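Hi everyone, thanks for coming.

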Amino acid sequence: MLSFGIIIFAVNKAIDYYSFITIEKQMREKADLSELSFREVLAQHRSSTGEPQTKEIVRLALEKLKASGKEVRIYDSSKQLLGLAAEGIIINDGKPLIFEKNIEKALSGSYAYTVTEDHLLYFATPIQDQYYQNAYVYEFVEDISYFYAIMDQIRYILFAGAGGFIVLITLSSLWIARNTTKPIKLLLGAAQSFSRQEFRRVHLNRKDELGMLADGLDSMGRQLHDYIQYQKQFVSNVSHELKTPLAAIRGFSQYLYEGENENKELQIIYAHLLQESDRLTRLINELLLLSRFDKADSNELEVRKTEMNELIQQVATSMGGKAKDKGIEIMFREAEAEPEDKLLTRVHANVNPMLMSHAIANLVDNAIKYSGSPSLIELKLTLTPSEVVIRIRDQGIGIAGDELERVQERFYRAKNASTANGSGLGLSICKEIVERFNGYIDIESQIGEGTTVTIVLPRA
């Protein structure tokens with residue numbers, strides 16, 4: 001605001017300066033013409049000795065110049081007023097306003113002028129005699145109110161134009177910004193949606209590069225959507241087709257393993273065949289679960305208010321036997337009791353209990369698979385006013401930092417995951433389950449120091 005005021009002040013000064021240069025030039029031209037007329041009078045009226053007759057000269061000069069200004073004055077070299085004319089009439093006994101500094105400056109050989117508050121310009125110019133001495137001062141008074149009125153109009157037009165220009169520039173900038181940033185935001189939002197596999201039509205009614213980019217992005221989105229749907233349908237169909245023959249293979253493997261009591265080598269082969277059948281069965285079950293997630297809406301899942309302490313305790317108990325066989329201890333820490341509930345903090349979230357148990361059990365199972373013996377797996381439940389936070393911390397092999405973002409992708413397995421059997425679907429299934437209940441999963445890990453998986457859910 002201060003800088004804007006300085007700009008206005010500077011503009012005003014510039015207008016005054018250049019305007020007064022113009023009017024000063026006009027007044028000097030007028031003074032030069034008046035000086036010529038005065039010098040003609042001086043040349044025509046001299047005494048017999050060659051000396052000018054002062055009173056007669058002043059009278060004739062006033063007669064000739066009385067109409068050249070609102071007032072006309074003539075002074076001698078001693079700054080005495082010799083004659084005065086006002087509004088074209090010669091006045092003998094007038095006492096006008098005199099600016100002595102103007103007279104002094106004019107007698108020194110320069111133009112001089114003063115402008116009063118009522119917009120009267122007093123302009124004095126020297127008159128030389130035949131000896132080129134400043135013998136008289138001719139002064140005329142001009143009313144320059146018209147000049148100030150014109151300047152005010154110029155200022156008004158200038159500032160009104162500047163204000164209109166600023167408004168126009170602002171509106172143009174906003175329009176350009178809106179028409180430039182809005183489609184960019186639309187394209188950015190579409191790209192972010194595509195990264196989450198949420199495909200929607202992208203269209204901009206434009207013929208420029210942004211319109212071409214939108215058409216290309218829309219085409220890419222449709223192709224990706226069709227490809228992913230085809231892939232999901234293919235996986236679903238293959239999983240269904242494999243389920244029946246795999247069940248038969250597992251059944252025969254179980255029969256052969258239990259029926260072979262003599263040949264130990266065959267028994268080992270049958271045991272391995274049974275183990276691989278179980279692994280394939282788990283893989284197909286996981287694929288079918290993902291297929292159901294892909295096809296079902298969130299509304300189709302049975303969601304109810306669930307007490308999370310009890311749910312996690314049940315998972316910890318069910319996974320305890322598997323952990324114990326490997327020399328691993330599972331420890332569960334319930335949420336700290338609130339003042340109004342000294343015995344047990346009731347922590348609720350709106351979830352499907354079976355699916356949420358599956359997700360937590362899957363994470364605990366990963367912790368068991370990738371942890372050595374002896375070690376500790378800690379399950380901890382905490383809460384905030386709006387969230388339920390479940391942390392599963394192990395002391396296992398850990399995950400490299402550059403792989404943390406990818407381990408939740410389908411079929412992706414970390415480079416050091418070959419120490420245990422897996423399909424690469426466990427974390428992606430957990431991610432989809434948690435996201436179905438408006439939550440998210442965060443993973444922190446370091447190689448050789450273990451992994452912490454955090455599930456965050458809205459508190460019910």
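Before anything else, a word on names: helices (H or I, at least four residues) and strands (E, at least two) are DSSP runs, numbered from the N terminus. What you see is a predicted model, where local features need pLDDT of at least 70 and side-chain atom pairs count only at pLDDT 80 or more, while totals for chains, interfaces and linings use all residues. Residues are numbered from 1 along each chain as its sequence is written, and side-chain values use heavy atoms, with hydrogens and water left out.

With that naming in hand, let's start at proline 374. You'll find proline 374 in the loop between helix 8 and strand 10 (375–383). Most residues other than glycine have a negative phi, and most peptide bonds are trans.

So which residues have a positive phi although they are not glycine? Lysine 79 is one of them, at about 70°, and histidine 119 is another, at about 65°. Lysine 79 sits in the loop between strand 1 (71–76) and strand 2 (81–86). Histidine 119 is in the loop between strand 4 (112–115) and strand 5.

Lysine 79 has 33% relative accessibility, so it counts as partly exposed. Histidine 119 is partly exposed too, because its relative accessible area is 26%.

Let's zoom out. The protein chain has 9 helices and 13 strands. Of its 460 residues, 38% are buried. A contact means heavy atoms within 4.5 Å. If you take the contacts with a separation of 6 or more, 61% of them are between residues 24 or more positions apart.

Next, helix 4, residues 145–195. The expected span of a helix is 1.5 Å times one less than its number of residues. Helix 4 has 51 residues, so at 1.5 Å a residue it should span 75 Å, and its end C-alpha atoms are 73 Å apart, which agrees. Its buried residues include Phe147, Met151 and Arg155, and also Leu187 and Phe194.

On to the inside. In soluble globular proteins, nonpolar side chains tend to be buried together. By a nonpolar core I mean a set of buried Ala, Val, Leu, Ile, Met, Phe, Trp, Tyr and Cys residues joined through side-chain atoms within 4.5 Å. The largest one here has 46 residues, and Met308, Met356, Ile360, Leu379 and Leu457 touch the most other members. Helix 8 (residues 353–369) gives the most to this core, with 9 residues. Apart from it lies another core, of 26 residues, with Phe20, Leu60, Leu65 and Ala85 among them.

Take isoleucine 360 as an example. Not counting residues up to four places away in sequence, isoleucine 360 touches Leu311, Ile312, Val315, Leu379, Ile390, Ile392 and Ile455.

Valine 388 is 41 residues away from valine 347 in sequence, yet their C-alpha atoms are 7.4 Å apart in space.

What about helix 9, residues 426–436? Of its 11 residues, 9 are buried, so helix 9 is largely enclosed by the rest of the structure. Cysteine 430 lies in this helix, and at 0% relative accessibility it counts as buried. Leaving aside neighbours within four places in sequence, cysteine 430 is in contact with Ala359, Asn362, Leu363 and Ile441. Its C-alpha atom and that of isoleucine 441, 11 residues along the chain, are separated by 8.3 Å. After helix 9 comes asparagine 438, with a positive phi near 65°.

Definitions and conventions
Buried < 20%, exposed > 50% of the residue type's maximum accessible area, 1.4 Å probe, protein only.
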